[in-house]
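Work through the exercises below with the sequence and the model at hand. Each task is followed by a solution in steps.

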Amino acid sequence: MALLEVSELVTEFHTRAGVARALDKVSFTLERGRVLGIVGESGSGKSVTAFSLINLLEHPGRVASGKIMFQGEDLCQVSQKRWSQLRGDRIAMVFQDPMMSLNPVIRVGEQLAETVQIHKKVSRAERQELVINALKRVGIPAPRERMRAYPHELSGGMRQRISIANALINNPDLIIADEPTTALDVTIQAQILYEMKELARDSGTALIWITHDISVVKDLADELCVMYAGRVIERGPVDQIIGQPLHPYTRGLIDSLPHAENHGKRLYSIPGGAPPLLSLPEGCTFRPRCTRATERCTQVPPVFMLDGREHRCFHPLNQS
């Protein structure tokens, strides 16, 4: 049985202007110790997916239908009390900005110790030992000294490591990371990505890594979900998707990356922009920006299986 199985998940935002469907029948599975990357432009539904999975949607957002099965338990049906037991213990989240998740007036060690205290009945000495071990796991030097620091006394990379340590301190089964390295320089980013991959491999913790930059997950993820306008338009092993994408949108994301062959040249960009959720195009939502679109694309593409991968395109790139 998969650790996490998301089936036909629909999330909507009810506004005065109408109902915006932010997630449209999103489905994927995740096994223990595996890393799932979710990529797409801003507004594609990546962060809404994360907040839906962990029940942190703010009004007027709500999960309208679908299932989120976690270890055989449907999270769409559990009580708030049960969510309080799960969050921070079995399921943890790392946010994009660590200063939004760390209290600026409480020492780092106290914040991590509180995460343990909420879910585990252990002595003060045991809590301190768990905090030190968590800081060591994310590569924090001199962890005993860092425990006494306030978040604002640490660098951005150090604060993000603290946030990751806070997420993994109770050895969760699942960590959801929402673009946690976006504001960091590439050296620190590479270190954190390596540490997270080692964490998943060594501890069996499953990881969902959300990013707009497909190059971030190419060496981290085992599987990739490409999202556009609230739909998963391509899903499969990361090396296959990056090596031979099926959907034109995925191809566009890859072509927009800088590499040796386009050094000094103007980078490619997908024409147009992501559509507003309140006025999505008829049929395939990528149709207005796609050079392969035909009259058939005015219909909503179903999920096709090709070479063991899922995609939503009537004209995949390996066909004429």
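**Exercise 1.** Classify Arg201 as buried, partly exposed or exposed, and find its salt-bridge partner.

Solution. Step 1: the relative accessible area of Arg201 is 58%. Step 2: buried means under 20%, exposed over 50%, and partly exposed in between (1.4 Å probe, protein chains only), so Arg201 is exposed. Step 3: a salt bridge needs a side-chain nitrogen of Lys or Arg within 4 Å of a carboxyl oxygen of Asp or Glu. Arg201 meets Glu198 in such a bridge, at 2.6 Å from N to O. Step 4: both residues lie in helix H8 (residues 186-203), three residues apart, about one turn of the helix. Helices (H or I, at least four residues) and strands (E, at least two) are DSSP runs, numbered from the N terminus.

The model is predicted: local features need pLDDT of at least 70, side-chain atom pairs count only at pLDDT 80 or more, and totals for chains, interfaces and linings use all residues. Residues are numbered from 1 along each chain as its sequence is written, and side-chain values use heavy atoms, with hydrogens and water left out.

**Exercise 2.** Which residues do salt bridges with shared partners join into one network?

Solution. Step 1: the count of salt bridges comes to 17. Step 2: one of them links Arg21 to Glu12, with the closest N and O atoms 3.1 Å apart. Step 3: Arg21 is partly exposed at 32% relative accessible area, while Glu12 is buried at 11%. Step 4: the network consists of Glu12, Arg21, Asp24, Arg62 and Arg231.

**Exercise 3.** Determine the strand order of the open sheet and its edge strands.

Solution. Step 1: strands pair if DSSP finds at least two bridges between them. Step 2: the eight strands follow the order S6-S7-S8-S3-S9-S10-S12-S11, with mixed pairing. Step 3: S6 (91-94) and S11 (304-306) each pair on one side only, which makes them the edge strands. Step 4: S6 and S7 (residues 174-178) run parallel and are joined by four bridges; Val94 has Ala177 in S7 as its bridge partner.

**Exercise 4.** Decide how the rings of Phe304 and Phe314 are arranged.

Solution. Step 1: rings of Phe, Tyr and Trp (its six-membered ring) pair if their centres lie within 6.5 Å; planes under 30 degrees apart count as stacked, over 60 as edge-to-face and the rest as tilted. Step 2: the two centres are 5.9 Å apart and the planes stand at 70 degrees, so the pair is edge-to-face. Step 3: Phe304 is partly exposed at 25%, whereas Phe314 is buried at 11%.
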